[in-house]
Amino acid sequence: REGLDLWKMIPESFLFYGGDMEASERRQFLDAFVRHAEAGDRNVWIVKPSGGGKGGRIQVMDNLRDIGYLLSEELGTPGNDWVVQKYLERPMLLRGGRKFDMRCWVLVTPDYKVYLYRQGVLRTGSVRYSLDRLDDTFVHLSNHCIQVKHPEYGKYEPTNEMWYPEFEAWLRDSAFPDGAVQFERDIVPQLRALVMVSLQAARKFLQQAPGCGYRSFHLFGYDFMVDD
C-alpha cells in the first residue's frame, strides 16, 4: 500500500522450516543478529512455532547459541516450522508498567470484502515488564491462558482484559492528556492498514475459486502490539 512503511510496522522476521534447512533463512538471521550486536542493541528475539497457540513453546532469548540449539532440536520434523522475530523491546505499557496486546476480529466475505469489528480487547499482563527476566512468561506473554495462572491475575483489570473504550479513555486521561496519541486517530488506521496488507498478500490462498459450489466466510483474530 502506498505510503505504508511495513519495515517500521513489522519486526524483522526469519522463517525456519522443519526438515528443510536449505530453505530456512538461517544466514539472513545470523547477519541480522550480528548487525544488532555491532550496533550495541539489546538484541532480544522471540522464537515461536508457526503452529499451535496459547503461547505454547514460545521463548524470548538473547543468546545466539541458545537460539541455535533450540532450533536444531525442533527442526528435525518436516512441517514443524518456526519463526524468529526481533522482539519489541520497548512496548507501550499500561498502569503498573505491564505489557499488553490487542486482539482484533476481522471478517472476510466470499467476495473478499473485509470488515474490522468495531470492538476489540486488550489482553494485559499481571506483572511489570522487564528485559531482565526473559524466561518469565508472565512478563512477556499476555495470553489469557498464561496470565490466569498468576497470583495477581485480575488485580488491575477484571480477567486481565481492557476493551477499546477503556483503552481510549486511558490514553486520553492518563497516558497522553495532551492528546499526542489518540486511539481512533493514530492507532486504528494502522490496524486497518496492516489487516488489509496481510489479506491482500494471502488473497490467492483464501479467495474462493470462480464457480465454486458453495460460499463461505473467514473470521480471523489478529493480535497487535503498540510500541512506545
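Rings of Phe, Tyr and Trp (its six-membered ring) form an aromatic pair when their centres lie within 6.5 Å; planes under 30 degrees apart count as stacked, over 60 as edge-to-face and the rest as tilted. The views below come from a predicted model, in which local features need pLDDT of at least 70 and side-chain atom pairs count only at pLDDT 80 or more, while totals for chains, interfaces and linings use all residues. Residues are numbered from 1 along each chain as its sequence is written, and side-chain values use heavy atoms, with hydrogens and water left out.

**View 1. Five aromatic residues form one cluster.** Welcome to the first stop. The members of this cluster are Phe14, Phe16, Phe29, Phe33 and Trp45. Across the structure, the count comes to 13 aromatic pairs. Phe14 and Trp45 make a tilted pair, because their ring centres are 6.1 Å apart and their planes meet at 50°. This pair links distant parts of the chain, 31 residues apart: Phe14 belongs to strand β1 (residues 13-16) and Trp45 to strand β2 (residues 45-49). Helices (H or I, at least four residues) and strands (E, at least two) are DSSP runs, numbered from the N terminus. Phe14 is buried at 9% relative accessibility, and Trp45 is buried at 0%. Here buried means under 20% relative accessible area, exposed over 50%, and partly exposed in between (1.4 Å probe, protein chains only).

**View 2. Cys104 and Cys145 have their sulfurs 18 Å apart.** A disulfide is a pair of cysteine sulfur atoms within 2.5 Å, and a search of the whole structure finds 0 of them. Cys104 is buried, at 1% relative accessibility, whereas Cys145 is partly exposed, at 27%.

**View 3. Arg203 is found in helix α8.** This helix covers residues 203-206. Arg203 is partly exposed, with a relative accessible area of 30%. Its C-alpha atom is separated by 8.2 Å from that of Tyr112, although Arg203 and Tyr112 are 91 residues apart along the chain.
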